[in-house]
Amino acid sequence: MRISSLALAAALLPTAAAAQEAPSPARLKADVEKLVSFGTRHTLSSPDDPKRGIGAARRWFAEEMKRTSAKCGGCIQVSTVERIFTGDRAPNGVNVVDVLAIQPGSDPNRVVIVQGHIDSRVTNVMDITSDAPGANDDASGVALVLEAARVLSHKKFKATVIYAALSGEEQGLFGGNLLADTAKERGWEVTAVLNNDIVGNTIGQNGTRVADRVRVFSEGIRASEDLPQQIARRVNGGEDDGPSRALAKAIDHVAEGIPGGIDVFVDRRNDRFGRGGDHEPFLKLGYPAVRFSVGIENYTQQHQDLRTENGIEYGDTPDKMDFPYLAKVTAINAGTIARLAAAPASPAQVSLNGALGMNTTVTWSPVPGASGYRIHWRRNDKQDWTDQLDVPASASETVLKDVIVDDVFIGVSALSADGAESIVTFGGRAPRRAPASR
């Protein structure tokens, strides 16, 4: 049984047959240009000016989401969360506001989050008056979020989808911290966080064009694990199979099913070397989260004052972006959301037994609403799953004949009735039972 959401993902690309569901380069371009038109979206800029500053940009985003909601009969609920943050880049404190557009699912407490940060900056991170277009960083991510909502708003999902525009990224990941804390406070079961930050250019600083791939960054050893948990993961060999890495692999699998799409470069780092983004606060709380970013960057177009020096145009403006490429990255996001929001939750735990034997017994936690399970395995010298076995919903254990546990990695996912598949949960040693009391 193949994952039917791959066909859905394919339908999200611009084709004549599915134009009403296709991510539109023209709409993405218009959204980026509109965000740039607010002059600066610096976190410390005016929250009240009707035409300039971050407040005007946030209100426009909210109105666009309300417009999308009106077209699907009120299927999206728009709200905000806010909190005062203080730090080196906000010494007098700033009220950080995240705009959330929530598309409730039949299981409203389980959520899939897609997000970008709406704030921008120039060379001096404290300059709140100069024009800071922030076209690629990160109007591209915010435009992607808007377009994903337009594409998916008419769909019905099990999980709730949250489309988020975050503030304060450039001042210290404030908006990411705010939304991650909100998820914890509200008791959300977070299936995935897709953070999109710098997702709209294809020409690098060295002039090389990279339009055939998008990087997806994910952690290996989990930021949320304590030392005993890290040791257990090392013993089980699960460094490449934590929830966020499993999410990145699932995204790669979705991308493979999109005709005319682009490759997902599963970048086995938490983020770019020595840098970070708004997915990190979610990782610290144990939520699966990844960062999408372009295949090649141009640093003369990030965090720069608008100027020309030695024949080089500095500044993050829309004319340096590739909107058909951004549409393809949007399609991968939308396809991933469609798959994970349609699927059941992942098994909470997967345990293996088989030491000193020729067979491996796989046991997993039952998942409410699952219509079946998929057992994945691969040799220990492989990075991606090579074999699979589907079992019915009534099962919570199976035996893999002639599969020697020493030499394979094993995981289990949950399936919906139409084949939508959850993220894979990696299998490890069964928990030791406490000795019986006398």
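Predicted model: local features only at pLDDT ≥ 70, side-chain atom pairs only at ≥ 80, totals over all residues.
Local features need pLDDT of at least 70 and side-chain atom pairs 80 or more, while totals for chains, interfaces and linings use all residues. Numbering starts from 1 along each chain as its sequence is written, and side-chain values use heavy atoms, without hydrogens or water.

**Asp 127.** Select Asp 127, in the loop between β3 (107–117) and α4 (135–152); helices (H or I, at least four residues) and strands (E, at least two) are DSSP runs numbered from the N terminus. Asp 127 is buried without a salt bridge. Buried means under 20% relative accessible area, exposed over 50%, partly exposed in between (1.4 Å probe, protein chains only). A salt bridge puts a side-chain nitrogen of Lys or Arg within 4 Å of a carboxyl oxygen of Asp or Glu. Arg 52, the nearest side chain of opposite charge, is 7.6 Å away (Lys and Arg count as positive, Asp and Glu as negative; His and chain ends are not counted). Now show His 42 and Val 122: leaving aside neighbours within four places in sequence, Asp 127 is in contact with both (heavy atoms within 4.5 Å).

**Asp 137 and Asp 138.** Move to the peptide bond joining this pair: it is cis, with omega about 5 degrees. Asp 138 is found in helix α4.

**Leu 173.** Select the loop between α5 (169–172) and α6 (174–185) to find Leu 173. Its phi is positive, near 55 degrees. Leu 173 counts as buried, at 17% relative accessibility.

**Ile 198.** Next, the loop between β5 (189–196) and β6 (213–217) holds Ile 198. Phi is positive here too, about 70 degrees. Ile 198 is buried at 2% relative accessible area.

**Val 235.** Finish in helix α7 (residues 227–236) with Val 235. Val 235 is exposed, at 51% relative accessible area.
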